[in-house]
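Hi everyone, thanks for coming. Let me put the structure up, and then we can walk through it together.

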Amino acid sequence: MEVRALLFDVNGTLIDIETDEWMEEAYRAVAHFLTYQGISLRRGQVRDLYFQIMKGQFAASRETYPEFDVVAVWGEVLRRYGTEYTYSLAPEKLSQIPLFLAELQRGISRKRLVAFPKTQEILAQLKTRHRLAVVSDAQSAYGLAELRAVGLAEYFAAIVISGDYGYRKPDPRLFQAALTKLQIRPEEAIFVGNDRFRDVLGARKVGMKTILFCPRGNSGGSPETEPDYILYDYADLPRAIEFFAAR
């Protein structure tokens, strides 16, 4: 097999991240910020609105694996509860508030954000020989910033994030979008991910070989989600690629 490209999942694969979307402090901060924009809501109301609007987006979607739009969620909060003062704000500021709220909520609710050991070193090596891309179930509002924060964004020629498309993995269109950006055929690419259903099954649907990243051990799965290779440490990724290249 000629390995021309490597595609990666992000959270749980390249980045070790932990967040708590129910964290009270996040909605308290959002509620306080909204006060200065002319909107009076308690933190419990903000939290309930967030999940209610998100649930509505999922319900309205016709996709098999729907994805929500976090910036649109906060935009809807402004639309519903904006006051005369809110809409008297400078247009440039008003248009940026939903994105700011998405970043604020994510930043406060984040407990851990680090790259897995040796990730940066290995990506730097691989970039000299292969085209690299990301296919992530995430939101661009914070997914891109998190890649930059851990020093990984610069290694990828294409970044595909589900929140920009309205559907998530294992929908094969996300994988195909990355391949198209790279101008690479599926049989020339390998996908590396930590989720058997979303990553392995999704990549297999478009004809890619798969590597399952299991830093904490292999949990096992069904035949249709069985990867072609199991990786426990990023230091062994070049060896895994050699395994495919020899086939």
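This is a predicted model: local features need pLDDT of at least 70, side-chain atom pairs count only at pLDDT 80 or more; totals for chains, interfaces and linings use all residues.

Residues are numbered from 1 along each chain as its sequence is written, and side-chain values use heavy atoms, with hydrogens and water left out. Helices (H or I, at least four residues) and strands (E, at least two) are DSSP runs, numbered from the N terminus.

So, the helix pair. Two packed helices are described by the angle between their axes and the distance between the axes. Here α4, residues 91-109, and α6, residues 140-149, have axes that come within 9 Å and cross at roughly 55 degrees. Those axes are lines fitted to C-alpha atoms over the stretch in contact, with angles from 0 to 180 degrees between N-to-C directions. That makes α4 and α6 oblique to each other; angles under 35 degrees count as roughly parallel, over 145 as roughly antiparallel, 65 to 115 as roughly perpendicular and the rest as oblique.

Which residues meet? From α4 we have Leu99, Ala102, Glu103 and Arg106, and from α6 Ala141, Tyr142 and Glu146, with contact meaning heavy atoms within 4.5 Å.

Next, helix α7, residues 172-182. Leu174, Phe175, Ala177, Ala178, Leu179 and Leu182 are buried there, where buried means under 20% relative accessible area, exposed over 50% and partly exposed in between, using a 1.4 Å probe and protein chains only. Their cover includes strands β1 (5-8), β4 (131-136), β5 (158-161) and β6 (189-193), along with helix α8 (196-205). Just after α7, have a look at Gln183, which takes a positive phi of about 60 degrees.

Finally, the rings. The structure holds 16 aromatic pairs; rings of Phe, Tyr and Trp (its six-membered ring) pair if their centres lie within 6.5 Å, and planes under 30 degrees apart count as stacked, over 60 as edge-to-face and the rest as tilted. One of them is Phe33 with Phe100: the centres are 4.7 Å apart and the planes at 40 degrees, so the pair is tilted. Phe33 sits in helix α1 (residues 24-35) and Phe100 in α4, so this pair ties together parts 67 residues apart in sequence. Phe100 is partly exposed, at 35% relative accessible area.

And one last stop: ring pairs link Trp22, Tyr27, Tyr50, Phe51 and Trp74 into a cluster.
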